[in-house]
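Please open the structure in a viewer and keep the selection tool at hand.

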Amino acid sequence: VVAVGDLDSVTAENSALVERTQHRSHRLIERASQLDDAVGHIKLRQGTADEAKTALAKVAQIIADALGCEVDDVKPKVPLIEGLDAESIDFLDLVFRLERGFGVKIPRGKIVEDARGPLPEAEFENKGVVTDAGLARLREFLNEVPPERITTPLKAADIPRLFTPETFCKVVIRAQRAAQSPQCSLFFGVE
């Protein structure tokens, strides 16, 4: 009878242990799923080469159509104004076409606003000229632009002269991510 009692006690302990283990296992599975989601959002923010290639091909075609040039002339790092003879009015048409082509919203002035980043306007530019802190921020944000093109004195009004097809490709990808996951965009700073 004592042996049966001991066996019942061991069985109850084993049952409780199995139950705790199952509970912990479910919690670990939940945490793994949450981490997988978070990592997925991080990967989205960093992007992939395939994502960039796909977007760049479409962006190049849209730029060629908007500017009336050959798509082969639209290289990723060619300046739109100096290299493809774009004018400021072309940027409005280009943004409209990108919005339509990719199904995203790109607010007017968004590229320059994003380029300024966390810097207050007064730290980014002074009397219409981009400050040293602003130049450093532009070099970081517009990393597709050779640093020697981002030099002092740079008028804030001339920032669009730095834009390339790759710049617009990045804008489109950021807009797509923000549209897909607003919470991810707030948390990871994707705008």
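The tour goes from the core to a pair of helices, then to the salt bridges and a loop.

This is a predicted model, in which local features need pLDDT of at least 70 and side-chain atom pairs count only at pLDDT 80 or more, while totals for chains, interfaces and linings use all residues. Residues are numbered from 1 along each chain as its sequence is written, and side-chain values use heavy atoms, with hydrogens and water left out.

**Stop 1: the core**

Select Leu98, Leu138 and Phe168, which touch the most other members of the largest nonpolar core, a set of 42 residues. Such a core consists of buried Ala, Val, Leu, Ile, Met, Phe, Trp, Tyr and Cys residues joined through side-chain atoms within 4.5 Å. Here buried means under 20% relative accessible area, exposed over 50%, and partly exposed in between, with a 1.4 Å probe and protein chains only.

Next, colour the elements that give two or more residues to this core: H2 (49–67), H3 (80–84), H4 (88–102), H5 (110–116), H7 (132–141) and H8 (165–180). Helix H2 provides the largest share, seven residues. Helices (H or I, at least four residues) and strands (E, at least two) are DSSP runs, numbered from the N terminus.

Now centre the view on Phe168. Leaving aside residues up to four places away in sequence, Phe168 touches Val59, Leu80, Phe91, Leu94, Val95, Leu98, Ile111 and Phe163; contact means heavy atoms within 4.5 Å.

**Stop 2: helices H4 and H8**

Show H4 and H8 together. Their axes come within 11 Å and cross at roughly 40 degrees. Axes are lines fitted to C-alpha atoms, for helices over the stretch in contact, and angles run from 0 to 180 degrees between N-to-C directions. H4 and H8 are therefore oblique to each other: angles under 35 degrees count as roughly parallel, over 145 as roughly antiparallel, 65 to 115 as roughly perpendicular and the rest as oblique.

To find the contact, select Phe91, Leu94, Val95, Leu98 and Phe102 on H4, with Phe168, Val172 and Gln176 on H8.

**Stop 3: salt bridges**

How many salt bridges does the structure hold? There are eight, each being a side-chain nitrogen of Lys or Arg within 4 Å of a carboxyl oxygen of Asp or Glu.

Select Lys77 and Glu166, whose closest N and O atoms are 3.0 Å apart. Lys77 sits in the loop between H2 and H3 and Glu166 in helix H8, so this pair ties together parts 89 residues apart in sequence. Lys77 is partly exposed at 46% relative accessible area, and Glu166 is partly exposed at 22%.

Move on to Glu82 and Arg161, a salt bridge with its closest N and O atoms 3.0 Å apart. Because Glu82 is in helix H3 and Arg161 in the loop between H7 and H8, the pair ties together parts 79 residues apart in sequence.

Then select Asp114 and Arg174, where the closest N and O atoms of the salt bridge are 3.8 Å apart. This pair links helix H5 with helix H8, 60 residues apart. Are Asp114 and Arg174 buried or exposed? Both are buried.

**Stop 4: Asp85**

Finish at Asp85, in the loop between H3 and H4. Asp85 is exposed, with a relative accessible area of 62%. Apart from residues up to four places away in sequence, Asp85 touches Leu80 and Asp90.
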